[in-house]
Structure formats: C-alpha cells, structure tokens
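Visitor: I'm new here, so could you walk me through what I'm looking at?
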Amino acid sequence: MAIISRGFSGRRSAEAGKLPPGQYLTATFPVLSAGPTPHVSLDRWEFTIDDGKDVLRRWDWKSFRSLPTETFTVDLHCVTRWSKLGTRWEGVSLDTMFADLKTDASYALVRSYGDYTTNVPLKDLMNHHAWIAFRFEGEDLAPEHGGPARLLVPHLYLWKSAKWVRGITLMLQDRPGFWESLGYHSYGDPWREQRYSSDP
Amino acid sequence: MWRVGEVVAVRDETATARTITLEIPDWPGHVAGQHVDVRLTASDGYSAVRSYSIASAPNSKRRVEITVERLPEGEVSPYLTRELAVGDRLELRGPIGGWFVWRPEQTEPIQLIAGGSGIVPLMAMIRSRAAAGGTAPFRLLYSVREPESVWYRDELHTLSDRDHSVSVSYAYTRATPKGWPRPPGRIDAALIASTTWPSKLTPTCYVCGPTSFVESAAGLLSASGNSSDKIRTERFGPTGDRR
C-alpha cells in the first residue's frame, strides 16, 4: 500500500498512457555512460560476430555501410526513468547481419569500444527487434550518443542498446554484462519494470 | 522492495537546494556514490519516481541524506524542496548502483570533479572517507556558477582545513569571489593541470554533473594522460530531474 504524499498532485501528460510503469516523458536526449566517451575513427572501426573462439563475420565501415539499411521510428526507455517517444533512426537490421549464420547459441554478449558489454537473448536481437544504428534524426550519430554506431534494441531498457558497438559474441549460456554484474536486471523489460536484479 | 523513511530534518543548502534527512528503520546500509529511487504518490494513486544520489556517509543510525535541487519545471523536486516537512513519510528503494562508488578500502589517490549538483555523490565519498578515518589522498575540483551556489561549503572548508590530504579547488563559471585569481570560466586544460592529481599517480577519477560538463571534464582528464578505465562518470540530462 503506497503512502500518499500529502499535497502532491503530480503532472500527468497526455502521452502518459504510452509510457511503461515508473517512466516520465522527456523531449531532450539525456546521456548516460559509465566513463569517458570513446572517439572511434571510421578507418579503424570494425564489427565482428564471434562464438567466443572464432570470428564468424567481420565488417569494416565500408562493407558495413554497403549493407541494406532501414529507417525506423521507436520509443526509448531508460532505466533512469526517462522515456523519449518517436525517435527516428537509420541502421542495419541484425537479421541482415546474421543472414545465413547457423548457431546453437541462445545468448549474445554485445561488446563495445571502451570495454562496455551487455547480455541479450539472441532471439531478442532477431526478427526486426534490433539494429546497428548509425544515424539519428537524419544526422550521423554523435559520439556521446554512441557514434559511429550503436546497437538499438528498443523493446528493452536503453542500457541494452550498447553505444560504440564493436561486435557480438554468441554464447550457449547467459553471462552478465557490465551493468548486469552491478545490480541491474539480466533481461530489462521496461513494461514489466525489470530494473534491478531483485525485480522478478 | 519499497522502504519507508521518515523525514527527521530538512536544511537549505542554497536558495534552490535542500537537504532532506530520512530515517529508514530497515535500511541495509550503503556505499558512497550510490543512489535511491524516491516515489511520491497522489491521493488518486498517480505516482512519480525519481533517482537521487545519497549525500551522507554510511552510518549506524539508518539515516540517509539526499540533497535536491529545485528545478522550475520539475514534477518531483519542487515538492521535495518546498512541501515536504519533518514528520512526513517517503517511499524509497535502494541503495542502487555498484559502479560509481568509493569504498574506504580504496587507498589510491582519488580525484573528484563535480559540476553543480553533481557534488552530491562525491560529497558522500568525502564524508565516507572522514567517517572511516581514511587516509586516501582526495582532491576535489568543484565547478559552480557563483560563490552562492556552493553546496556544503562550511563542511568542505572544515574537512579540508582539518585534514590536508583532502584538498578542494573551485571553478566559478559566472561570477567569482572578490579578488579571485582566475576569471569566470569553465574547467579547462590549465585548471586540470594545476588542480588535479598528475596522471602518473594513476588516481581513480570520479566525474559527476550535467552531460556537457562530464563530456568536457572526462575528455580533459583523458587528454592529460589518465586512462579511460580510471575515469568513472555519472551524468544527468537537463531535464533529468535526477537530484
């Protein structure tokens, strides 16, 4: 039973119904990251998919950018409680990047420049659920928002959408990433409010 | 799990910031740098939750202090800084966070850099060190608009006066005290060089403040030779309403 905050009425927005529980709407694009912003030059950028032993796929920026792209509009939900609706991106679907790749793995560890990692079940990255995005609202993605390229897996809390992404390691068993080792939820569904490891 | 805390004291830090002391009977203890989620609920059941860094050192009295800056457009901070009174009860969750933390076992030099209300988790680290009788050498570089916007001023002065291995430097961005040697301005490479630990001492750096401040300060620390894995950051956006 919640305690009523004497004299608090709050500010409800028309879009509040579109928000997952415990979130509030923002029009800005706040930045959250654990350390300094890495600056990755395009001529040294690469993206690999591996299985922990062998590299299975590899792209440099040029070959990555020659893949077919999609534009998509999604809502973002950050575990720090802001949500931003209707953001427009351009990127390559992970279905495209995983085409013809056979694997027994059920989990993925997403790896970033700056050594950030996050774990996501592989099925959450497939079937048009996830992209490697390089353009935001028509502009090249700024470094503080994850440029040159970031993962976007918008149906999970935004920490899963790793910035400065450099690859994916396929895993037979789940292994926690950076925030998942520091008390945050392993899956992170905003609609079930899976913020912290103690959440069901 | 939501815990219930009772407000046992409120204290204004500046014209727009208030420290709230809560007593939480089932508080499990915390580490400096962690935060809490605070939930307000209206009489019709509508609720709003925001995160606030803990300002106080871990203590045996199950007390937690937060300092909240009143944001003119905020939904929660005007309530916490104006309406909330001693005796009120507040729901909170936490402590949360395991990355932007300082533990008394750490003995290496510590460099703290705060922008505005970003001082809160860094103050918890300074207080935690003092409470534990720690000897790790601490330096704080604290950027504020003007002298009137310094939080915890007397306490910082007393702590650094009593213990010379805690040193505090200020950067004023809009207005300086009379006779201040540096004109108003943001933290730059020269100020980093003259007030922070040399990178060859491999300090652990904690930078907290608004996004643009953290981007700039963390970038300057990197440029002066600190390795990225020694720089920990915590940022909040302009509408973040975080503290």
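Guide: Two strands pair if DSSP finds at least two bridges between them. Helices (H or I, at least four residues) and strands (E, at least two) are DSSP runs, numbered from the N terminus. This is a predicted model, where local features need pLDDT of at least 70, side-chain atom pairs count only at pLDDT 80 or more, and totals for chains, interfaces and linings use all residues. Residues are numbered from 1 along each chain as its sequence is written, with chains lettered from A and ligands numbered from 1 in the order in which they are written.

Visitor: What is the order of the six strands in the open sheet of chain B?
Guide: The pairing in this sheet is antiparallel. Its edge strands, β4 (47-53) and β5 (63-69) of chain B, each pair on one side only. Going across, the order is β4-β3-β6-β1-β2-β5.

Visitor: How many residues of chain A are in contact with chain B?
Guide: Two residues are in contact if their C-beta atoms, placed from the backbone, lie within 7 Å. Chain B's side includes two or more residues from each of several elements, among them β3, β4 and α5 (211-223). In all, 38 residues of chain B touch chain A, and the number on chain A is 32.

Visitor: What is the mean pLDDT of chain B?
Guide: pLDDT is the predictor's confidence in each residue, from 0 to 100. It stays under 50 over residues 238-243 of chain B. Still, 97% of the chain B residues reach 70 or more, and the mean is 93.
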